[in-house]
Structure formats: C-alpha cells, structure tokens
Amino acid sequence: MTAETSQTLDRGLRVLKLLADTDHGLTVTELSSKLGVNRTVVYRLLATLEQHALVRRDLGGRARVGLGVLGLGRQVHPLVREAALPALRSLAEDIGATAHLTLVDGAEALAVAVVEPTWTDYHVAYRAGIRHPLDRGAAGRAILAARQGALNGPGYTLAHGELEAGASGAAAPLSGVTGIEGSVGVVMLSDCVPERVGPRVVDAAREVADALR
C-alpha cells in the first residue's frame with residue numbers, strides 16, 4: 001500500500017477477487033483468514049458490497065459474487081448473451097424446444113438469453129428477463145443441485161408443470177465459470193422430456209461454459 005491508495009477499497013476489491021475464484025462462496029471466517037483482518041472488518045466490507053449488489057449472501061451465510069458486477073459494464077450482459085447464443089441456437093433447433101441461459105440473481109433465477117426454434121409448429125413462449133424462485137423449475141433446480149454438490153448421475157434435472165401448466169423442462173448447470181452460477185436448459189409443451197434431451201442439454205451447458213471462460 002502507498003500513500004495514494006485506499007486500504008478499504010483495496011480490501012473490498014480483494015474480497016471480490018477471492019469470491020470470484022470460488023464456486024461455492026466463502027464464509028466471513030474464511031474471508032477474515034484470507035484477508036488477515038478481523039471479522040468485524042469483513043462484515044463491514046460485505047455489507048457495503050451488498051448494498052451495491054456486488055456481493056450476495058445465501059441462507060447459509062456464504063458470500064458470493066453478485067450480479068451487480070455485471071452491471072458495472074453495460075456491455076458485459078450482452079456479451080454473456082452473445083457468447084451463449086450459438087450453443088443455445090443449436091440446442092433449440094436440435095431439440096425443437098425453447099432454449100435458455102439462466103443465471104442466479106439473489107434468491108431468484110433470471111433468464112438472460114432465450115432462443116426459440118424456427119421449424120416447430122408451436123413451442124413455449126419464454127423471454128429474457130423472466131424470473132422465478134430457484135427451487136422451482138428445472139433451471140433453478142439444476143443450479144441448486146450443483147451448489148449443494150447433489151447433481152450426480154446424468155448431470156441434469158427435470159421438471160414438469162412447476163412454472164407453466166403442461167410444460168416440461170430439462171436443465172444442466174454451468175461449471176467452471178468463475179463468478180457465475182447458472183444453467184442451460186430447454187422448456188417444451190410435453191408431459192415428459194424425451195430421453196435424449198437431458199444429455200443434449202448437458203452438452204450445451206458445457207459449450208456455453210467454454211464460451212464464457
């Protein structure tokens with residue numbers, strides 16, 4: 001540190017970098033240890049960062065990077081969508097269902113990119129900006145399962161009728177993307193999801209994650 005720099009700002013930026021480097025968030029105690037400061041200082045830093053939506057804390061008290069970070073640059077959010085669109089477009093056309101990229105925003109799932117198939121007679125109308133609780137719908141459930149380390153076996157989640165009557169969905173979480181929690185999925189008008197859809201969604205999620213790294 002030099003006379004021209006701010007110790008508090010430096011610590012706040014270090015908090016953001018530490019949180020960006022973990023997929024599971026950090027507790028106040030863990031941050032205190034990594035920063036070499038007491039817990040009171042960490043609480044103040046987190047409270048300030050939360051006010052600007054740069055940090056969020058889950059029900060267990062673990063701090064994570066907030067989506068407010070994306071708002072620091074107006075072009076960041078469009079760039080995320082742009083990076084995901086090729087994989088989403090391929091998924092929508094292949095499956096014949098509406099494909100979407102969903103990110104965590106606080107306690108909600110936020111659809112940030114949506115692609116509808118061009119060749120189907122009908123499909124589920126879904127738009128970017130739609131929000132729903134994380135514990136409802138395949139997109140949110142996939143994110144929660146990945147967060148809890150409970151997504152094993154096929155690597156995707158299924159849901160039916162939780163967000164829209166008669167609609168089914170499949171989603172797989174993004175993995176290995178620093179600072180971003182999200183999922184890629186499809187939603188279709190069907191009583192069940194065809195067997196081939198789940199593995200295809202997993203592949204698309206991997207493609208999007210690769211594009212965002």
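The model is predicted. Six strands make up an open antiparallel sheet, and helices α6 and α7 pack on it. The largest nonpolar core has 31 residues, and another core, of 16 residues, lies apart from it.

**Sheet**
- The strands of the open sheet run in the order β5-β4-β3-β8-β7-β6, with antiparallel pairing.
- β5 (131–133) and β6 (157–160) are the edge strands, each pairing on one side only.
- From one strand to the next, the twist averages 30°.
- Four bridges join β6 to strand β7 (residues 167–173) in the antiparallel sense.
- Leu158 has Ala170 in β7 as its bridge partner.

**Helices on the sheet**
- Helix α6 (residues 138–147) packs on the sheet and touches β3 (98–105), β4 (108–115), β5, β6, β7 and β8 (182–189).
- The direction of α6 makes about 30° with that of β7.
- Helix α7 (residues 197–212) also packs on the sheet, where it touches β3, β7 and β8.
- The direction of α7 makes about 145° with that of β8.

**Contact of α1 with α3**
- Helix α1 (residues 7–20) and helix α3 (residues 39–51) have axes that come within 10 Å and cross at roughly 75°.
- α1 is therefore roughly perpendicular to α3.
- On the α1 side, the contact is formed by Thr8, Arg11, Gly12, Val15 and Leu16; they meet Val41, Leu45, Leu46 and Leu49 in α3.
- By type, the residues of this contact are six nonpolar, two polar and one charged.

- In soluble globular proteins, nonpolar side chains tend to be buried together.
- Within the largest nonpolar core, of 31 residues, Leu101, Val184 and Val186 touch the most other members.
- Two or more residues of this core come from each of α5 (76–95), β3, β4, β7, β8 and α7.
- The element that gives the most to this core is α7, with eight residues.
- Leaving out residues up to four places away in sequence, Val184 touches several residues, including Leu88, Leu91, Leu101, Ala170, Val201 and Val208.
- The separate core of 16 residues has Leu19, Leu35, Leu49 and Leu54 among its members.

**Ala53**
- Ala53 is not a glycine, yet it has a positive phi of about 60°.
- Ala53 is placed in the loop between α3 and β1 (55–57).
- Ala53 counts as partly exposed because its relative accessibility is 37%.

Methods. Residues numbered from 1 in each chain as written. Predicted model: local features only at pLDDT ≥ 70, side-chain atom pairs only at ≥ 80, totals over all residues. Heavy atoms only, no water. Axes fitted to C-alpha atoms, helices over the stretch in contact; angles between N-to-C directions. Parallel < 35°, antiparallel > 145°, perpendicular 65-115°, else oblique. Contact = heavy atoms within 4.5 Å. Nonpolar A, V, L, I, M, F, W, Y, C, P; charged D, E, K, R; others polar. Pairing = 2+ DSSP bridges. Buried < 20%, exposed > 50% of the residue type's maximum accessible area, 1.4 Å probe, protein only. Core = buried A, V, L, I, M, F, W, Y, C linked by side-chain atoms within 4.5 Å.
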